[in-house]
Amino acid sequence: MIDKKSLSERDICTKFITPAIERAGWDKTTQLLEEVSFTDGRIYVRGKLTARGVRKRADYILYYKPNIPIAIVEAKDNKHSVRAGIQQALEYAKILDIPCVFSSNGDGFVFHDRTAIDGKIETEIDNDNFPTAEQLWQKYKKYKGIESPEAEKVVAQEYYFDGSGRSPRYYQQIAINRTVEAIAKGQDRILLVMATGTGKTYTAFQIIHRLWKSGKKKRILFLADRNALIDQTRRGDFKHFKDKMTVVKHRMIDKSYEVYLALYQGLSGADEQANAYKQFSPEFFDLIVIDECHRGSAKEDSAWREILSYFKKATHIGLTATPKETDHVSNSEYFGEPLYTYSLKQGIDDGFLAPYRVVRVNLNVDAEGWRPDRGKKDKEGNEVEDRVYNRKDFDRNLVIEERTQTVARKLTEFLKGYDRFAKTIVFCADIDHAERMRSALSNLNADLVAQNYKYIMQITGDNDEGKRELDNFINPEEVYPVIATTSELMTTGVDAQTCKVIVLDAEIKSMTKFKQIVGRGTRINEEFGKMYFTILDFRNVTDLFADKDFDGDPIRVKPVAEETDLSGIVDEEENFDTPVIDEETGEEIAVKPDIRYPAPQTPTGRVHEPRQKVYVNGVDVSVLISREMYFDNDGKPITNSLKDHTRDLIKGKFASLDDFLNRWNSTDKKAIIIKELEDQGVLVEALRDAVNREVDLFDLICHVAFEQPPLTRKERANNVKKRDYFTKYGEKARKVLETLLDKYADEGVTNIESMDILKVKPLTDYGSALEIVNGIFGGKKKYVDAVKELEQELYKTGA
């Protein structure tokens, strides 16, 4: 007779839970997955080093078919009750959109039915009566509102598998399944909101493939507004459509394909002849997917809407990272509320997106404004208009050469201290600014430019050489270009996996555009060491992080029934000088004067030409302050001081100094407490920088939260040495402990807690790790006890 109480959780799974599920007929290879990690663990940045947090992991997920999850089981060992795992399972079921929830300790199961509305929400089941896949599939269909056999056929359609082992992440799975289910039930307008870097195109591919294979949709149009997006889609996830797919080019229409990729500019135009989409009948497409739908289709008079109106009988799916909701423009009015939203914050918390550091750089002329001296002439010899010029003017109306030089110098200094080959995008006010910034950076990095002139490239819509380098910039395997100066071209749809630095030197007021730009850095590439990115902000653009709309759900602002003449309204996303877009390529090719600011008229009614930029030099420009911004666990900037923020967090966890001391001294590994504090939002590395890097975390906390005078690690180590605490040990053990004490003084407590410390010099002088532990201390337990006692001595003086 097995004593269940003595078995581990894993043993309970192997001996009782898995057999009970298999007896109900579940296929272990396709329907039953154990120990499923569904997040990657948040990335924490410590100086230049990174570490991952804990992954969310379900003990079992049960699938009707691969990627269609219908049940979750949380296991506990037999010392726990059969219900002990139910709350954790329910939390995971909510995240994963799963209706059937189970908890087990090996004695049986508690079944929580999220579809139930009567008194049978929770029932107990013995090990011989676990539900079959078919029984739980009926629950799933009820949960999702799938009623007809036709709808069930579509919903049960398999995913596409390419043999590589790639499968969708949990949030992609939810987006795909919800969309397919909604369309199977007859919904014809769908909006998916997924943060940049979370795989919208792969999600779209699986949706399209399942609907196509099931016969629900036969002809599909994928619309985008940039050539780069179409090329990435064709070469990437959509390549599996093979000869069934075509790209519409030069308004040449061939109706023999089933999947069409097209630029909306390539299907529509200013005159009737240019409207190539009318070569198709209005019923030709039954599914249209609109990528980056915030950019055009939100406006009622846009070319997108013209095309969508023509194919109005088709199902329309809008994909965006940044839904647009303003007084005049609304994604949700057209598509309805988002069917699913996966935000930047969720992506960072789950470890699928890279976290960011923000360094704010304030220049004197930006903070104080600049007023020309009396009679000050510009570079052409014309007198500069006497007024105060500020950040909104710089590089738009007035160019101060020294300001460009100062920004370029600050970026160069940053890269020299960080990594001169870190891929960097510099967002400038316009093409002229991007050109000048490339030149200034080239002069400051002449050594690397001399080795390869492509070290710095201007990548803008008007520059063919630069545009040709865009693919090399986004290719992780290509070293060059390293720094790209741009204005509009790289704000969206550029899959720059290894971009580590984003520089903001343009006035950006649009939340949509800001999110898109931040999205250029959010992709992770562990192979190439891209785990986080840094934003260098010269224009206080990162104030937008504090905006409640930055990572919240989009709120519709436009009144639903409003009739508005949109002809004179400019999209909030456009700059004061708006780029002209090539209708064939979707690329920025020139700059047109802004129609919001018509050319001024003279008293006689004659129109002046738009003002040209004024270029000046000989201006004193300097950096007033450069500081790193810090963010709380909700991703919002910390506005009070770092010390005050930390004090509030720590006092929320420890009621008093005694409470903290008891916890610190009773915890075997101090690294556990450090990890807990970091998870709670304590910025350990930043706090060390702010207080004293020579101080232990113990002293930092006691000082910041409880106003105790801190001791440095060296002072604590010296106090231990003075107490002659080592005399009770033999000579060799004493030397090892003294060396560990020196290591503590240099590196901190977490290092001496790790056995790996015994593998580095000078500890290796005393023998191998095994020889030290067994030979000198007489076994692992005695060695661990000696280290614990050493820690107790270190913190004996209290705070």
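The buried residues of helix α2 are covered by elements that include β4, β5, β6, β7, β8 (122-125) and α5. Contact here means heavy atoms within 4.5 Å. Helices (H or I, at least four residues) and strands (E, at least two) are DSSP runs, numbered from the N terminus. The model is predicted: local features need pLDDT of at least 70, side-chain atom pairs count only at pLDDT 80 or more, and totals for chains, interfaces and linings use all residues. Residues are numbered from 1 along each chain as its sequence is written, and side-chain values use heavy atoms, with hydrogens and water left out.

The protein has 28 helices and 26 strands. Of its 799 residues, 54% are buried. Buried means under 20% relative accessible area, exposed over 50%, and partly exposed in between (1.4 Å probe, protein chains only). Contacts between residues at least 6 apart in sequence were also examined, and 70% of them join residues at least 24 apart.

Helix α2 spans residues 86-96, and its buried residues are Ile86, Ala89, Tyr92, Ala93 and Leu96. They cover an arc of only 125° around the axis, which puts them on the same side of α2. The arc is that of the directions from the helix axis to the C-beta atoms. An α-helix has 3.6 residues a turn, so residues three or four places apart point the same way. Gln87 and Lys94 are exposed on the other side of α2. Just after the helix, Asp97 takes a positive phi of about 60°.

Helix α3 (residues 133-144) has twelve residues, which should span 16 Å at 1.5 Å a residue; its end C-alpha atoms are 16 Å apart, which agrees. The expected span is 1.5 Å times one less than the number of residues in the helix. Ala133, Leu136, Trp137, Tyr140, Lys141 and Lys144 are buried in α3. Seen down the axis, these buried residues fall within an arc of 150°, so they line one face of α3. Their cover includes β4 (57-65), β5 (68-75), β6 (100-104), β7 (109-113), α4 (149-155) and α5 (170-184). Gly145 follows α3, with a positive phi near 75°.

Two helix pairs share α21. Two packed helices are described by the angle between their axes and the distance between the axes. Axes are lines fitted to C-alpha atoms, for helices over the stretch in contact, and angles run from 0 to 180 degrees between N-to-C directions. Helix α19 (residues 642-653) and helix α21 (residues 670-680) have axes that come within 11 Å and cross at roughly 120°. That makes α19 oblique to α21. Angles under 35 degrees count as roughly parallel, over 145 as roughly antiparallel, 65 to 115 as roughly perpendicular and the rest as oblique. In this pair, Leu649, Ile650 and Lys653 of α19 meet Glu676, Leu677 and Gln680 of α21.

Helix α20 (residues 657-666) packs on α21 at an angle of about 130°, with the axes 8 Å apart. The two helices are therefore oblique to each other. Arg663, Trp664 and Asn665 of α20 make the contact with Lys670, Ile672, Ile673 and Glu676 of α21.

Leu790 lies in helix α28 (residues 780-794). Leu790 counts as buried, at 0% relative accessibility. Residues up to four places away in sequence aside, Leu790 touches Val720, Tyr725, Phe726, Leu737, Leu740, Leu741 and Ile752. Leu740 is 50 residues from Leu790 along the chain, and their C-alpha atoms are separated by 9.0 Å.
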